[in-house]
Amino acid sequence: MQNGKTGMTVLVLAVAASSLVGGTRAEAADAARGKLVFQTCAACHNDKPGAIGPSLRGVYGRQSAADPDFRYSNAMMRAKLTWDEPDLRDYLKDPQAKVKGNRMPFGGLSDPKDIDDVVAYLKEYR
Ligand code: HEC
């Protein structure tokens, strides 16, 4: 009886404490974690001459296929997207479904948390 009650109090305090810090810390942590997720992307999206993918600096809010140094596929040229949050989410979840026939050799991210975080990071990546 006594132990059960103490355990309950501890649990309630722990939940209260985590929701107190949650609000402000979650956002900063997301972009920071997104930076780690982006390591996967950086194999191709790395701004180096001859990189396999276009530069993603400033991609958030940019027109699709707008890196002048990169030769995009016709599919990507025709996509006519503005990379806002919904479009980035859809594309990163299933690139071929969003832009059919595009040439990104990457199957997409299956974990929604990875998508949230990498999009948060892309907003800051300029
Ligand atoms: C194996 C290489 C590779 C990986 C890994 C990769 N990409 Fe790409 N990505 C490409 C290529 C190539 C294109 C251009 C596709 C085309 O022209 O059809 C592209 C295009 C894009 C575009 C459109 C860019 C524009 O200027 O319109 C976005 C956004 C993008 N990738 C995001 C990502 C993100 C975020 C990741 C990691 C989660 C990622 N990619 C992983 C190769 C890659």
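**Overall fold**

I started with the secondary structure: the protein has five helices and zero strands. Helices here are DSSP runs of H or I with at least four residues, strands are runs of E with at least two, and both are numbered from the N terminus. Reading along the sequence, I get α-α-α-α-α.

Residue numbers run from 1 along each chain as its sequence is written.

**Confidence**

I looked up pLDDT next, the predictor's confidence in each residue on a scale from 0 to 100. The protein averages 86, and 77% of the residues score at least 70. Residues 11-25 have pLDDT below 50, and beyond near neighbours in sequence that stretch has zero contacts in the model. I take a contact as two residues with C-beta atoms, placed from the backbone, within 7 Å. Where pLDDT is low, the predicted coordinates should not be read in detail.

**Burial and contacts**

I checked burial over the 126 residues, and 17% count as buried. The cut-offs: buried means 20 or more other C-beta atoms within 10 Å of the residue's own, exposed means 12 or fewer, and partly exposed is in between, with C-beta atoms placed from the backbone. Among contacts with a separation of 6 or more, 46% join residues 24 or more positions apart.

**Ligand shell**

I counted 28 residues around the ligand. To be near it, a residue needs its C-beta atom, placed from the backbone, within 6 Å. The closest are Cys41, Cys44, Gly53, Ser73 and Asn102. Helix 1 (2-42), helix 2 (74-79) and helix 3 (85-93) are the elements that give two or more residues to this shell. By class I find 20 nonpolar, six polar and two charged residues. Nonpolar covers Ala, Val, Leu, Ile, Met, Phe, Trp, Tyr, Cys and Pro; charged covers Asp, Glu, Lys and Arg; the others, Gly among them, are polar.

**Positive phi**

Asp47 has phi near 65 degrees and is found in the loop between helix 1 and helix 2. Asp47 comes out partly exposed because 13 other C-beta atoms lie within 10 Å. Lys80 has a positive phi of about 50 degrees and sits in the loop between helix 2 and helix 3. Lys80 has 9 other C-beta atoms within 10 Å, so I logged it as exposed.

**Two alanines**

Ala51 is in the loop between helix 1 and helix 2, and is partly exposed with 16 other C-beta atoms within 10 Å. Not counting residues up to four places away, Ala51 touches Cys44, His45 and Asn46. Its C-alpha is 8.7 Å from that of Phe70, 19 residues apart along the chain.

Ala79 lies in helix 2 and has 19 C-beta neighbours inside 10 Å, so it counts as partly exposed. Beyond four places in sequence, Ala79 contacts Ser64, Ala65 and Val99. Ala79 and Ala65 are 14 residues apart in sequence, with 8.2 Å from C-alpha to C-alpha.

**Helix 5**

Last, I checked the length of helix 5 (residues 112-124). Its 13 residues should span 18 Å, and the end C-alpha atoms are 19 Å apart, which agrees. The expected span is 1.5 Å times one less than the number of residues. I listed its buried residues as Ile115, Asp117, Val118, Val119, Ala120, Tyr121 and Leu122.

Technical notes:
This is a predicted model: local features need pLDDT of at least 70, side-chain atom pairs count only at pLDDT 80 or more; totals for chains, interfaces and linings use all residues.
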